[in-house]
Structure formats: structure tokens, C-alpha cells
Amino acid sequence: MAALADPPIVETRRDGERSLAVAFALMVALLVAAPFVVYPVFLMQALCFALFACAFNLLIGYVGLLSFGHALFFGWASYLSAHAAKIWGFPPEAAVLIGTTSGAVLGIIAGSIAIRRQGIYFAMITLALAQMMYFVALRAPFTGGEDGIQDVPRGRLFGVFDLSHEMTMYVFILVMVLAGFVFIYRIINSPFGEVLKAIRENEPRAVSLGYKTDRYKLCAFVLSATLAGLAGALKALVFQLASLTDVYWTMSGEVVLMTLVGGLGTVFGPVVGAFLIVAMENYLAQFGQWVLVIQGVIFVACVLVFRRGIVGELAHALGVKL
Amino acid sequence: MVEIFGIPSYALFGQLLIGLINGSFYALLSLGLAVIFGMLNIINFTHGAQYMMGAFAAYLMLEYLGLDYWVALVIVPFLIAATGIVIERLFLQHIRKLDHLYGLILTFGLALIIEGLFRNAYGSSGKPYQVPELLQGGRNLGFMFLPNYRAWVIAFSLVVCFATWFAIERTRLGSYLRAATENPTLVRAFGINVPRMVTLTYGFGVGLAALAGVMAAPIYNVSPQMGSDLIIVVFAVVVIGGMGSILGAIITGFALGVIEGLTKVFFPEASSTVIFVIMAIVLLIRPAGLFGRTV
């Protein structure tokens with residue numbers, strides 16, 4: 001029986017990899033063609049949020065940790081890279097590096113506090129820590145309070161590429177986001193990623209097998225925070241703005257929403273979710289406060305009837321991995 | 001003028017009083033969260049929105065029906081509890097078997113809906129609510145000025161907190177509740193209607209939040225976003241206290257309110273972050289929380 005059962009599993013695995021490769025090629029093709037059809041700033045915004053959501057999904061989807069405070073890394077990275085580019089006059093690559101590093105450092109601090117508790121407490125702790133850093137951002141002199149840091153120069157990448165040119169900027173963002181995406185894919189398919197999934201499925205068992213699960217969780221947390229920081233830094237350059245919105249709890253909620261809509265624990269879900277939610281918000285901006293209500297309704301609908309998310313449902317219907 | 005640590009006693013005790021007021025809201029809200037979590041295994045993110053609904057209900061009753069504070073204090077908790085029961089029946093009962101995280105996400109979504117609807121209807125600006133006539137004014141205690149209404153809020157919330165503690169720890173109904181928290185299947189086997197108890201528990205927790213909202217209405221302005229920032233602080237309070245103990249939730253709530261008030265006197269820049277800092281320290285030293293059992 002075991003011999004009979006084995007081949008189909010190998011088969012689905014190979015199918016899974018093929019479906020992922022096809023989907024990836026499709027995604028890249030769409031993103032390369034998109035700026036000729038759609039407004040590039042919208043695409044860049046969606047791409048930054050897609051990376052943010054993928055980073056968040058690394059935690060919830062593959063370690064089972066719901067962080068309700070990811071705005072902390074996104075927002076602070078956005079502030080620090082905006083500050084570096086505007087006040088210190090750093091070139092964009094250095095500014096992005098500073099933002100990303102700040103994500104990592106904050107991730108180490110917040111992570112080592114938050115992983116002391118599991119499940120629901122983890123979510124509350126990350127939310128509380130993020131709120132604390134929101135108040136710090138509100139008070140700190142360099143963040144510009146309610147105004148934020150405006151008119152951040154995009155500068156010249158490596159002194160060569162002028163990022164104030166919309167298409168050059170788009171290519172830069174696309175390359176960075178795709179690199180982040182591929183990096184996350186590498187993580188979840190590495191031996192390290194397998195241990196993360198084991199922790200998600202059954203932490204006590206992973207502990208009994210000799211894995212120091214706290215270290216694995218912290219490591220995943222820091223990776224996720226770092227990539228969220230990268231997303232925030234890129235966003236600051238795209239909009240030439242870092243503001244309080246990026247560190248507020250609503251931003252943490254939005255990234256949960258994007259990932260949930262796209263599909264928790266799917267490879268492409270966060271990207272699809274980010275594009276949908278960003279499109280929805282741009283389209284609904286004229287309706288003001290209704291955005292909040294609609295977001296709420298989507299949350300409720302996703303939890304009650306649509307837990308796999310769009311990509312999850314699609315993958316389920318096609319019987320492939322996406 | 002009396003001075004303590006170089007601070008005029010009026011300022012010191014004034015902030016202490018504000019701290020106690022905030023503490024009583026922290027205590028009432030974290031108590032409700034703890035009771036709900038015990039029975040439903042859900043962290044009720046809607047709690048802040050329900051507190052806001054309580055304040056708004058009091059405001060609207062005064063504005064449109066001419067019903068004063070005292071009527072609101074009695075009716076509003078039941079009214080909002082009823083909406084809570086509807087939410088439990090419509091949504092929460094369906095996700096009981098899922099991972100806890102879905103409960104948090106679902107109630108977060110509900111909180112967004114409620115806050116969004118209120119913002120659409122009433123805008124973001126705060127609405128003033130008169131202190132009831134009976135409790136206007138205050139008395140001078142020599143070292144501080146004590147407004148009557150604030151004294152009432154502290155006293156009344158202490159009474160409510162201890163009544164809740166008594167009901168859960170010392171009555172027959174409370175013993176059913178505690179038993180059902182430990183082992184719902186067994187309690188059902190004894191012929192007790194556990195699902196109904198779950199629904200009523202949720203209603204009760206929501207009612208506590210609404211009661212806090214009514215009491216908060218004359219102190220803070222009534223506004224749609226009054227609950228969302230508060231609930232995050234209350235989460236931190238819950239993490240510090242641990243949700244294992246009713247008395248622990250009450251003590252932690254009041255203590256943190258006082259600490260926050262004192263921080264406002266001695267180090268005002270840190271007053272909005274001090275509770276979160278304490279949370280981080282507690283987690284580093286005693287991860288289960290001050291009164292929590294290890295999870």
C-alpha cells in the first residue's frame with residue numbers, strides 16, 4: 001500500500017512546482033506589460049504592498065504567527081529611509097539599505113519580546129509594541145508629526161539611473177520586489193522553511209525533536225520584519241513621503257486584510273490581495289469613511305466563508321499549488 | 001501650597017485621579033475581555049467599538065429622547081449587550097472550532113464596520129456630554145480638588161468590578177461558568193445549556209464595555225474612534241495581567257492607570273508609551289503575565 005501511495009505524492013509535488021513556475025512567469029509578464037496600460041505610481045504602490053504582504057505571510061502562513069503590528073517595521077523603515085534620503089542626502093540605494101536594516105533591528109527587538117507568548121497573545125503583543133512605536137513616531141522631532149517627511153528626493157540609483165523618471169523608478173521597484181518575492185520563496189522551500197512549517201503544525205513536537213523553536217521563530221520574525229522594512233523603504237521613495245499612516249494600527253490591519261483576501265499560506269496570494277486592496281482603496285477613496293466599512297465587511301466575509309482566499313480557492317479548484 | 005517631591009499636590013493628586021479614572025476603564029474592559037476569552041476563546045477586538053457604542057447610545061438618548069445619564073446607565077448596557085448577542089449568534093458561534101486567530105480577525109473586521117458606520121453618521125469630531133446634574137461640582141479636600149463625577153466613576157466601577165468577581169467566583173451560576181470554561185463537554189453532559197451560557201457570557205462582557213462607555217461619556221468627548229486606541233492599551237493591560245484571574249485583571253487595570261497618571265506628572269513624554277514599556281518588561285521577566293497561568 002505504501003508503495004502505491006508514494007508515486008502520486010511525488011507527482012503532485014512536481015505538478016506543484018510546474019504550476020508555481022507557470023504562475024511566476026505569468027506574474028512577471030503581467031508586471032512588465034502593466035506600466036504601459038496602468039498608471040505606474042499605482043503599480044509601484046501595489047508592488048510595495050505586495051512585498052509587505054508577502055513578508056507578513058511568511059510569518060502567518062508558514063510559522064502560524066499572526067503579527068498585528070507589522071506597520072511598525074514598514075512605517076519606521078519608511079521614516080528612516082526618507083530621513084536618510086532627504087536630510088542626510090543619501091543616494092537611494094543607501095536609503096533603502098538603511099530602511100531595511102532598521103526593519104531588521106526593530107524585528108530583533110520586537111521579536112525577542114513577542115515570541116515569549118504564543119497564539120492570540122502574540123498578536124496582542126505585536127499590536128501593542130507597534131502602537132508604542134506609533135506614539136514614539138508621533139512625538140519624535142525628526143518624523144515631522146502630523147505632516148510626516150515630505151518631498152523625499154528619489155535621487156540617482158548608483159549615481160547612474162535617474163529615479164525621478166517614472167519608468168526607471170518602476171523597473172527599480174519591480175526588480176527589488178521580485179527579488180524579495182524569490183527570496184521568500186527560497187526561505188519557505190529550504191530546510192529552514194520545513195522546520196518553520198513543522199513548528200506551525202505542532203510546536204511541542206518540533207521541540208521534542210530537538211529544534212530550538214524559539215530561535216527559529218525569532219529568525220523568521222526578523223526575516224519578515226526585514227522584508228517589511230524593505231517594502232516600507234521603497235514605498236517612501238515611490239511616494240516621496242513617510243507619514244504617520246504607515247505606522248498606525250490601520251496599516252497593520254490592511255496587510256492582514258491583503259494576505260487574507262489573497263490566501264494565507266499561498267505563494268501568490270499576498271500579491272493578488274495587495275493589488276486588489278490597493279485598487280479598491282484608490283477606487284473608493286472618494287467615498288471617504290465607507291472604505292473602513294468595506295474593509296470590515298471583507299474581513300468578516302473572508303473569515304466566515306472564504307478562508308482560503310482567492311489564490312487558495314483557485315489552487316484548490318485546480319488541484320495545484322499556487 | 002503643599003508640595004510632594006517638588007510637585008504641587010494639586011497636580012500630583014489630580015493626575016493620580018485621572019489615572020484612577022483611566023484605570024477603572026482599563027479594569028472594566030479587561031475584565032470583559034477576560035470573561036469572554038474564558039468562555040469563547042476569542043479575543044474580542046470589537047470591545048473598543050462596543051465601548052464607543054455605549055458612549056454614543058448615552059449621547060443619542062440624551063439628544064433625541066431626552067433620557068438622562070441615569071436612565072442610560074441602566075438601559076444602555078442591556079441594549080449594547082443585545083447587539084453583542086446578535087453578533088455572537090450571527091458570526092462568532094460559527095468560528096468556535098477554528099484557530100483563535102480567526103476570532104481576532106473577525107472581531108477586528110466587525111470593529112472596523114462599526115467604527116466606519118459611526119464615522120459616516122456622526123463625523124470624526126467629539127461630541128460633548130453633560131455631567132449629570134446630581135454629580136456636578138466637586139469638593140476641595142485640602143490637598144486636591146475632587147470633582148464629584150470622577151469620584152462616582154471610580155467608586156461605581158469598583159463596585160461593578162467586585163460584583164462581577166463575586167458573581168463568577170462565589171455564586172452557583174459563576175461556578176457553572178468556571179466549570180464550562182474548564183470542560184464544556186462535561187458540563188453539557190450534566191444538562192447545562194452551554195451554548196446559551198456562551199452567548200450570555202458574550203453579552204455580559206459586551207455590556208460591561210458599554211457600561212464603561214456610558215461612564216466615559218461625560219469625561220471624554222463622545223467620538224467614533226474613542227474605542228480603537230483604548231482597546232490596544234487594554235490589550236497590553238491584559239497581556240501584563242494575564243487572563244487567568246478576575247481579581248488580577250481588576251488590580252492590573254487600576255494599577256496601570258495609576259502608573260500612567262504618575263508618569264504624566266514626572267515624565268510626561270513617556271505617558272502614552274509607559275504601559276507598553278511595562279508590558280515588554282513583564283514579558284521579559286515573567287512571560288505568563290503577573291497573574292497568568294503558563295500557557
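The model is predicted, so local features need pLDDT of at least 70 and side-chain atom pairs count only at pLDDT 80 or more, while totals for chains, interfaces and linings use all residues. Residues are numbered from 1 along each chain as its sequence is written, chains are lettered from A in the order in which they are written, and side-chain values use heavy atoms, leaving out hydrogens and water.

**Helix α12 of chain A**
- Helices here are DSSP runs (H or I, at least four residues), numbered from the N terminus.
- Helix α12 (residues 290-305) has 16 residues and should span 22 Å at 1.5 Å a residue, which agrees with its end C-alpha atoms being 22 Å apart; the expected span is 1.5 Å times one less than the number of residues.
- Its buried residues include A:L292, A:G296 and A:F299 (buried means under 20% relative accessible area, exposed over 50%, partly exposed in between, with a 1.4 Å probe and protein chains only).
- Their cover includes α10 and α11 of chain A, together with α4 of chain B.

**B:E115**
- B:E115 sits in helix α4 of chain B and counts as buried, at 5% relative accessibility.
- Among the residues that B:E115 touches are A:W249, A:L292 and B:S228 (contact means heavy atoms within 4.5 Å).

**A surface patch on chain B**
- B:I251, in helix α10 of chain B, is partly exposed, with a relative accessible area of 45%.
- Helices α5 and α10 of chain B each supply at least two residues of the nonpolar patch.

Technical notes
Lists of a residue's contacts leave out its neighbours within four places in sequence.
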